[in-house]
Amino acid sequence: MDKSGFKRIGFIGLGVMGSRMCERLLLLENNLFVYDISKEAMDYFYKKGAEVADSPKDISQKCDIILTSLPNHQIVENVVLGTNGMIETISEDKIYIDLSSSTPEMTKKIGKALKEKGVKMIDAPVSRGAGAAREGTLSIMVGGEESTLEECRFILDQLGTDILQTGKLSSGHMLKALNNLMSASNLITAIEGLSMAKKAGVDPEVFTQAINASSGKSHMTTVRFEKYYLPRHFNSNFSLELMNKDLSIALEVARKKAVPMMFSSLTQEIYSIAISQGKGHEDNTRIMEVVEELTELQKNSKETAL
Amino acid sequence: MKMKIGIIGYGELGSRLGKRLMQNGYTIYAFDVCESKMQKMPHDKVNPLSTPANVAEKCEVIITCVNDDLAVEQCILGEDGVIHGVKKDTTVIEMTTSTPEMTKNMGRELHKKGVNIIDAPVSRGIPAAEQGTLSILVGGEKETLKNSRSILETLGTDIIHCGELGTGHAVKAINMMMMSCNLLTATETLSLGLKEGLELEKMLDVINVSSGESYMTSHHFPKYVLTETYQSKFSFGLMNKDLKIAIKMAEELEVVSLMGKRSSHLYDLLSSRLPAEEDNMHTVKEIQAWMGGV
């Protein structure tokens, strides 16, 4: 803690999401320490008043609460358990929050290693994208002890508006992957339904209205259709690749447990087609075009598309 | 005096529609291929007639709600079918869960006789039919819908005009396909979560304020799975039948179905384990059994 009794906050990973979340943390009275492999990214925050660290272990030595926002679970592992990693200096009663989209398995592994040192951990993957990160309106699924969540709620409240408790450690990462698997499956289903409706001569708006009054409705038809898919605005600021990563996380858990996913595995096969066509960096909403192309609708539907 | 309405197909749905319309002052004539249902009619103060053609001779409006698309063809074009007794300017309201293709064929034949037809398949089940709160998806001419609106409003609260003839059946089939897909998605995904040690109620709380939400997670799972009742009053057999209609329709429309076909395939696999009359929510239990229990 600093001299005025404020907990020191450390932040590792100043990428697209991390940098926006860090901007929000600058608004707190707590001292903020940052670390990233890019010196440029650190300089930016240095100029804004943050302290700069030279390694993850430097951060964990100086700070009471450490957050990471990293691209994948291997990098999370390196930063926490690797050479010059947090594990080398982190001490009892400190708190570690992983905001990355990591895997439940990695989170359990790291949680176990940290617990031996008396360190408390929560997994807190975020959704809604960069815009929400900047505004502080993220949705955050939190796994871990409730008392740990309460200790760092002031930080999470700065980052998001919906702090959703999911259960024990790693359940945040699990449920985020499951939620995205559900949304992707419901999306492909809804697009397939829309394709059929168009071919049957039903106006897309009327179709949407009818489905939304019926049992086939989902968040995809009640919210996303109007926003992205009816006007064909492919700008959700979330890439196909990132969605595919979440699908992999969920299905990998199933594979390791030898649990069949006979329906939703098809969702990832369709995403694999998109990625093998080199569309990984494109917006996730463009899965609509992939589905339309597969179902051979696109070439016939140009005149009816809104 | 109010209109004479004929009902062809006096089963679960048809008999409820008949009662509801009679309570609202219409005179009801009816026909059913099943003798026991014919005998039931006088108890309901419904007038039995011996053929669909007889019904057509007597009534200004004919509601068909039979088993499937082939039964529709039989009762309209078959021996003693509607077509042999129907008068010009009669309206046929086709409420069977049939296919757009069959509906259009019927439309062509009936139009030759100066008869109007709309397709108007219903959803929400038997209690909604009794209370007159059905959801009705309508395809056909606006003028015909306008003339039938007072009848439809006796039966349902949500009447949505989907487009030309056959589109009511199209949207109904697509909705059922989407419902089955969303149910399978929710079942597999939530069950994987259970296997990973997450709690169902907590998962639903989070999913239902997130992008994975569907009517299955916000309505069916809390109502039928959390309570462990598995009674949605909609059978596995009917769901499977509706899925087959959607798949047949996709083929007729030359759309290659991805999720719908996968869902239909899974329903085929499940049909060796689930009797047709079992509630559709038992699908959840069977899938969980595949997954090694939860």
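Start by selecting strands 4 and 5 of chain A in this predicted model: strand 4 and strand 5 (residues 95-98) run parallel and pair over 4 bridges. To see one of those pairings, pick A:Thr68 and look across to its bridge partner in strand 5 of chain A, A:Asp98.

Strand 1 is parallel to strand 4 of chain A, and 4 bridges join the two. Which residue of strand 4 of chain A stands opposite A:Gly10? Select A:Ile66 and you have found that residue.

Stay with strand 4 (residues 65-68) of chain A and show its side chains. In a regular strand, side chains alternate between the two faces of the sheet. Here, A:Ile65 and A:Leu67 lie on one side, with A:Ile66 and A:Thr68 on the other. Are these four residues buried or exposed? All of them are buried, so both faces of the strand are covered.

For the last stop, move to chain B and select B:Asp158, which sits in strand 9 (residues 156-163). B:Asp158 is partly exposed, because its relative accessibility is 27%, between the 20% limit for buried and the 50% limit for exposed. Beyond its neighbours within four places in sequence, B:Asp158 is in contact with B:Arg124, B:Leu134, B:Ser135 and B:Ile136. Finally, draw a distance from B:Asp158 to B:Glu109: these residues are 49 apart along the chain, and their C-alpha atoms are separated by 29 Å.

Notes: Residues numbered from 1 in each chain as written. Chains lettered and ligands numbered in written order. Predicted model: local features only at pLDDT ≥ 70, side-chain atom pairs only at ≥ 80, totals over all residues. Heavy atoms only, no water. Buried < 20%, exposed > 50% of the residue type's maximum accessible area, 1.4 Å probe, protein only. Contact = heavy atoms within 4.5 Å. Pairing = 2+ DSSP bridges.
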